[in-house]
Amino acid sequence: MGGKTDNLIDIADPFARRLVGQYLARRKEDVANLLVAVESADFDTVRITGHNLSGSGAAYGLERISSIGSDLECAADGADASRIMQLIADLDAFLRDLRLG
């Protein structure tokens with residue numbers, strides 16, 4: 001991503017903004033849960049979470065979340081803990097940089 005304006009999700013409707021905010025809060029919980037899962041070599045949880053992210057991100061206009069989810073699913077299939085940790089860090093950074101406007 002480029003500048004900070006690339007990280008702004010401009011949503012005029014208050015209801016939609018609240019829904020997206022709730023979605024993003026749940027994704028932040030996913031980051032914590034993924035860290036626990038990879039530390040305990042629970043690749044099934046990583047794969048399922050990745051699959052869910054892959055299917056849900058684009059529905060909220062967040063294709064980057066879908067992409068990370070797909071990559072998590074593939075990395076979990078290969079039990080690639082190092083790759084999973086990098087993807088978790090990527091997801092965390094993406095979520096921290098997003099702003100609702």
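A: Helices α1 and α4 cross in a left-handed way. A crossing is left-handed if the near helix is turned anticlockwise from the far one by less than a right angle, and right-handed if clockwise. This is a predicted model: local features need pLDDT of at least 70, side-chain atom pairs count only at pLDDT 80 or more, and totals for chains, interfaces and linings use all residues. Residues are numbered from 1 along each chain as its sequence is written, and side-chain values use heavy atoms, leaving out hydrogens and water.

Q: At what angle do α1 and α4 pack?

A: About 160°, with the axes 10 Å apart. The two helices are therefore roughly antiparallel to each other (angles over 145 degrees count as that).

Q: Which residues of α1 and α4 make the contact?

A: On α1, they are L24, R27, K28, V31, L34, L35 and V38. On α4, they are A81, I84, M85, I88, L91, D92 and L95. Contact means heavy atoms within 4.5 Å.

Q: How do the residues of that contact of α1 with α4 divide?

A: Into 11 nonpolar, no polar and three charged. Ala, Val, Leu, Ile, Met, Phe, Trp, Tyr, Cys and Pro count as nonpolar, Asp, Glu, Lys and Arg as charged, and the others, Gly among them, as polar.

Q: Now α1 and α2. How do their axes cross?

A: At roughly 155°, coming within 9 Å. Here α1 covers residues 14-39 and α2 covers 43-56. α1 and α2 are therefore roughly antiparallel to each other too. The contact uses Y23, R27, D30, L34, A37 and V38 of α1. From α2 come F43, T45, V46, T49, L53 and S56.

Q: What about the residue types in the contact of α1 with α2?

A: They divide into seven nonpolar, three polar and two charged.

Q: Switching to α3. Which of its residues are buried?

A: I65, S66, I68, G69, L72, A75 and A76. Buried means under 20% relative accessible area, exposed over 50%, partly exposed in between (1.4 Å probe, protein chains only).

Q: What covers the buried residues of α3?

A: The cover includes α1, α2 and α4 (81-97).

Q: And what follows α3?

A: A79, with a positive phi near 50°. A79 is not a glycine. Most residues other than glycine have a negative phi.

Q: Where is A79, and is it buried or partly exposed?

A: A79 lies in the loop between α3 and α4. Its relative accessible area is 42%, so A79 is partly exposed.

Q: What about A41's phi?

A: Positive, about 55°, although A41 is not a glycine. A41 sits in the loop between α1 and α2.

Key. Axes are lines fitted to C-alpha atoms, for helices over the stretch in contact, and angles run from 0 to 180 degrees between N-to-C directions. Helices (H or I, at least four residues) and strands (E, at least two) are DSSP runs, numbered from the N terminus. Angles under 35 degrees count as roughly parallel, over 145 as roughly antiparallel, 65 to 115 as roughly perpendicular and the rest as oblique.
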